[in-house]
Amino acid sequence: MNALLEARSLRKSYGATVAVDSLSHSFPEGKITAIVGPSGSGKTTTLWMIAGLTEPSGGSVRLDGRDITALPAHRREIGIVFQDYALFPHLNVRENVEFGLRCRHVRRAERRRRAAETLALVRMEHLAERRVQQLSGGERQRVALARAIAFRPRVLLLDEPLSSLDARLREELRGELFRLLRELAITTVYVTHDQVEAMSIGHELAVMSSGRIEQSGPPAEVYRRPENLFVAGFLGSANIFPADCAVRNGRLDLALPFAAVDAPAGASVGPCWAMIRPEDLEVVRDDGADFQAAVESSLFLGNQLRLLLRAGGSRIIVDARNDLPLTEGAILGIGIRAGKVVLWPREDAGASPKGHERDGAGPGPSEMPRGSGNPDAPAPQESLEGARSR
Amino acid sequence: MAGSFLPAPPAHEPPAPARMSVAAKISTAASGRLVATALSWCVALFLIAPIVVAAAGAFSSSEFYGHRSEGSAPPGSLGLFWYVFSVWGRSLGTSAALVAVVVPFALLIGAPAAYAFRRRPFSGSKLLEAASMTPLSMPGIALAVSLLATLGGAPRFTLLAGGHLAYTIPLVIRAVGNALESFEPDIEPAARSLGAGPWQVARWITIPVLLPSLVVSALLVFTVSWGEFNASFLLASPLAQSFPAALYVTYTANSFPVAAAATILFLLPVVPALVLIQAIGGEPFRRGLQA
């Protein structure tokens with residue numbers, strides 16, 4: 001694929017603090033790449049370096065194979081939508097959108113025509129003469145987008161464009177924004193801390209942590225086959241257990257702390273970490289179950305029921321149908337969907353996989369309302385008591 | 001509006017606790033507004049009173065004010081103004097020239113300094129910004145003496161301008177600095193990303209956005225420079241004497257009506273400036289600065 005935008009060993013440090021740590025990535029032409037990561041992982045700094053607004057400490061930015069690292073921001077032809085929108089307060093909506101064209105000395109009539117065209121694209125043409133102070137958050141976001149695309153940039157950068165909107169509006173605008181961005185078919189880098197946003201917008205997903213890209217690829221691929229604990233825990237929820245692969249009776253067996261199952265294809269003998277998504281575990285009849293687990297607590301999420309189970313000293317999250325008849329302290333039969341276990345090699349029994357930085361994302365289930373999540377810890381009695389009294 | 005359909009003052013109702021707190025807030029706000037109004041009036045009267053006294057003195061023929069009068073001019077007529085103008089015209093000219101020099105220079109020095117402090121902070125810039133405020137509390141005599149000690153050989157007008165700049169640059173730094181804080185810092189990077197070079201960013205974004213604060217700064221500098229007495233009095237020479245310094249001589253040497261008339265003359269350009277500051281400080285000012 002012809003990569004239009006490229007970052008090569010891009011680095012930014014502020015004194016001893018490293019914000020971006022030799023980041024290399026090719027952003028495919030005409031596609032949307034979503035960069036997702038927790039706050040402080042260097043997403044915005046990366047974006048600002050691409051835009052030429054922050055000078056890198058090292059490495060280079062290339063556009064169409066040309067090194068643009070030394071090119072000032074105003075000559076890069078890169079549009080950017082800022083997190084706080086940064087609309088010009090002394091100009092009205094139309095003048096904001098025209099600004100890029102004014103800098104390029106486009107004639108007044110042509111400027112007007114193109115601003116109107118762009119405003120129509122974001123369905124803001126009726127507010128062209130409004131002052132930006134009179135706009136709502138969602139309207140500002142659209143004007144910011146219109147301003148960034150009106151001068152037809154080569155690359156579009158968006159820095160958390162939905163994060164300053166309230167949850168309901170965000171939901172509403174997300175679909176509209178995504179449809180528009182896909183229609184534009186411009187090389188786009190979309191930065192967000194919201195994993196759902198990132199997975200749904202991007203043709204390509206890059207997960208960032210501590211100034212590095214941990215993993216990149218098509219969103220479904222990254223979600224299904226996370227390469228390390230950080231990625232597994234950051235995108236959705238994950239059950240992670242210490243396990244062992246061993247040959248038994250001529251077959252490769254995966255020994256989980258609470259069950260032994262067939263090892264997935266491509267597994268090799270030795271200690272490993274096993275990751276299973278909550279939705280890849282299902283409540284089944286006893287005869288089809290891979291293991292039995294006791295219900296510790298449950299969380300009704302509307303469209304599904306999230307169960308916290310305990311089996312053999314491990315805590316396990318299972319997403320079940322929301323109409324599952326549940327009795328307190330029930331023992332359930334759980335089946336693991338075929339081919340859904342992800343394994344990473346485990347060098348020594350005590351260490352956790354690479355990327356073990358996120359709070360509460362240690363081995364064990366994440367995103368449950370309580371509990372330490374450590375599968376090796378002895379069963380906390382008070383926690384079970386608490387579950388029963390619910 | 002007693003006897004309306006509105007319920008009794010909500011503060012006296014015993015409704016649900018949530019309502020109670022809202023009602024309490026409303027009544028607190030109402031009484032707070034009353035106190036604020038009364039206070040504002042007191043302050044305004046306190047500030048206006050000397051002007052009223054001076055005005056009364058200027059137009060009064062009463063000997064109550066003029067007991068020291070030498071009868072140099074007929075009081076109670078506009079002729080008094082012309083008298084003052086003819087006597088103190090030179091110092092009025094000096095003051096006008098001072099203002100004409102001090103206002104642009106205070107802006108040219110203060111605004112970039114404020115920009116540097118807020119937008120390009122360097123190590124120690126916070127301290128430096130705080131230090132730049134010290135002339136505001138410096139006694140005029142100390143400032144005048146230090147200016148004379150260091151730049152004693154310079155023309156008196158230059159020294160006067162220097163003294164005024166020391167008092168007015170901090171005002172500009174403060175006003176422009178506050179304006180810079182109040183708009184989003186990303187608008188300049190946004191302009192750059194849209195294709196604006198450094199000059200275009202300044203011309204189309206930074207200066208227009210700062211314009212209200214620059215105008216207010218200019219008017220503040222004008223009123224301060226026009227009225228500055230302490231340092232000006234000590235730095236004055238017979239040929240370079242600002243109007244307030246001349247006013248002192250009028251108050252001590254001439255009759256009160258003459259001095260009062262001179263004061264009114266002095267206040268003439270200040271009042272429109274103050275009105276303008278007030279007007280700009282209102283809607284257009286906020287519109288220009290709010291993001």
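Student: Which domains is chain B divided into?
Tutor: Chain B splits into domain 1 (14-59) and domain 2 (79-289), with bounds from an automatic or database domain assignment. This is a predicted model: local features need pLDDT of at least 70, side-chain atom pairs count only at pLDDT 80 or more, and totals for chains, interfaces and linings use all residues. Residues are numbered from 1 along each chain as its sequence is written, while chains are lettered from A and ligands numbered from 1 in the order in which they are written.

Student: How many residues does each domain of chain B put into the contact?
Tutor: Domain 1 of chain B gives five residues and domain 2 of chain B gives eight; contact means C-beta atoms, placed from the backbone, within 7 Å.

Student: What about B:L247, buried or exposed?
Tutor: B:L247 is buried, because 23 other C-beta atoms lie within 10 Å (buried is 20 or more, exposed 12 or fewer, partly exposed in between, with C-beta atoms placed from the backbone). B:L247 sits in helix α9 (residues 243-253) of chain B; helices are DSSP runs of H or I, at least four residues, numbered from the N terminus.

Student: What does B:L247 touch?
Tutor: Leaving out residues up to four places away in sequence, B:L247 touches B:A259, B:A262, B:T263 and B:F266.

Student: Switching to chain A, where does α5(A) bend?
Tutor: At A:L173, by about 30°; the bend is the angle between axes fitted to the seven residues ending there and the seven starting there.

Student: And what comes just after α5(A)?
Tutor: A:A185, which has a positive phi of about 50°.

Methods
Helices (H or I, at least four residues) and strands (E, at least two) are DSSP runs, numbered from the N terminus. Two residues are in contact if their C-beta atoms, placed from the backbone, lie within 7 Å.
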